[in-house]
Amino acid sequence: MNANQFLKAVSQLQGWRECAFLLALAERSFPNYALFADAVGLKTGGKMRQLLDLAWDMLQKDVADAAIPQLLSKLETLCPNVDEYDAYGVYPAFDFCQLLEQALLNRLNPNKHRATEASQLATRTVMDFVEMSEGEGMDENELVRVFEHHPLLKDDKLFQRDTVMALKKQRTPKEAFLAELRAGAANDGVSNLGISLEG
């Protein structure tokens, strides 16, 4: 699957498949939020984990429309304000919140396509991290070369493509399939930035 085929496949995701893709992106980036919250002494990692679990549960259960705005407002209270922290970690944590928000909004308004933007956001999180950690003093061409060969960006691309391919092949959101998708996204607690909850 080349880049254009991937973009087309993402743009064609609809319904439960689009929601599952958004949740998989959020799941992969969850450790970025949990580690940031821990590092700055916010006691919100567990609450956010519950919120993400509830969002996954929604793929299997009918949820009252009224429940989703409540979850969105809870997400808002748990989301860090990027202006309040000096730590770089606030940005990937905030990006995670945006991905989860898109998954919840998808349930509220399934007719608005969100997967393409979310896919780009997830990749941008990784690119920003690579630039921040390794790109100091590089010009644009050097950065592009780093991006092209960086293992984190290769992993991100592979993960997103594999997720889209799996979703395209799957006819219904069966429990076993979603459990496998979720476990793959969770990646043993290692995020898209290569950082782990296990430390």
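## Stop one: a chain of charges

Start by selecting Glu27, which is buried, with a relative accessible area of 5%. Keep in mind as you look around that this is a predicted model.

The side chains of Glu27 and Arg49 form a salt bridge, 2.9 Å from N to O. Side chains of opposite charge can pair when their charged atoms come close. Glu27 sits in helix 2 and Arg49 in helix 3 (residues 45-57), so this pair ties together parts that are 22 residues apart in sequence. Arg49 is partly exposed, at a relative accessible area of 22%.

Which side chain does Asp53 meet in a salt bridge at 2.7 Å, N to O? Select Asp53 and you'll find Arg49 at the other end. Both of them belong to helix 3, four residues apart, which is about one turn of the helix. An α-helix has 3.6 residues a turn, so residues three or four places apart point the same way. Asp53 is partly exposed, with a relative accessible area of 25%.

Next, pick Arg182. Its salt bridge with Asp53 has the closest N and O atoms 2.4 Å apart. Arg182 is in helix 9 and Asp53 in helix 3, so here the linked parts are 129 residues apart in sequence. Arg182 is partly exposed too, at 24% relative accessible area. The structure has five salt bridges in total.

Select residues 140-149, which make up helix 7. Colour Leu143, Val146 and Phe147, the buried residues of this helix. Turn the view until you look down the axis of helix 7: its buried residues fall within an arc of 100°, so they line one face.

What do those buried residues pack against? Show helix 6 (115-134) and helix 8 (151-169), and you have the packing partners of helix 7's buried residues. On the face turned away from the buried side, look for the exposed residues Asn141, Glu148 and His149.

Before moving on, zoom in on the start of helix 7. There, a side-chain oxygen of Asp139 comes to within 3.1 Å of the backbone nitrogen of Asn141.

## Stop three: along helix 8

Helix 8 has 19 residues, and at 1.5 Å a residue they should span 27 Å. Try the distance tool on its end C-alpha atoms: they are 27 Å apart in the model, which agrees.

Then colour the buried residues of helix 8, among them Leu152, Phe159, Arg161 and Leu167. What covers them? The cover includes helix 1 (3-11), helix 2 (15-39), helix 6, helix 7 and helix 9 (175-186).

## Last stop: the cysteines

A disulfide is a covalent bond between the sulfur atoms of two cysteines. How many disulfides are there here, if the sulfurs must lie within 2.5 Å? The count comes to zero.

Select Cys19 to see one case: the nearest cysteine sulfur belongs to Cys97, 17 Å away. Cys19 is buried, with a relative accessible area of 2%. Now jump to Cys79. Cys79 is partly exposed, with a relative accessible area of 22%.

Terms used. Residues are numbered from 1 along each chain as its sequence is written. This is a predicted model: local features need pLDDT of at least 70, side-chain atom pairs count only at pLDDT 80 or more; totals for chains, interfaces and linings use all residues. Side-chain values use heavy atoms; hydrogens and water are left out. A disulfide is a pair of cysteine sulfur atoms within 2.5 Å. Buried means under 20% relative accessible area, exposed over 50%, partly exposed in between (1.4 Å probe, protein chains only). Helices (H or I, at least four residues) and strands (E, at least two) are DSSP runs, numbered from the N terminus. The arc is that of the directions from the helix axis to the C-beta atoms. Contact means heavy atoms within 4.5 Å. A polar contact is a pair of N or O atoms within 3.5 Å; within protein, one must be able to donate a hydrogen and the other to accept it, and residues adjacent in sequence count only if both atoms are side-chain atoms. The expected span of a helix is 1.5 Å times one less than its number of residues. A salt bridge is a side-chain nitrogen of Lys or Arg within 4 Å of a carboxyl oxygen of Asp or Glu.
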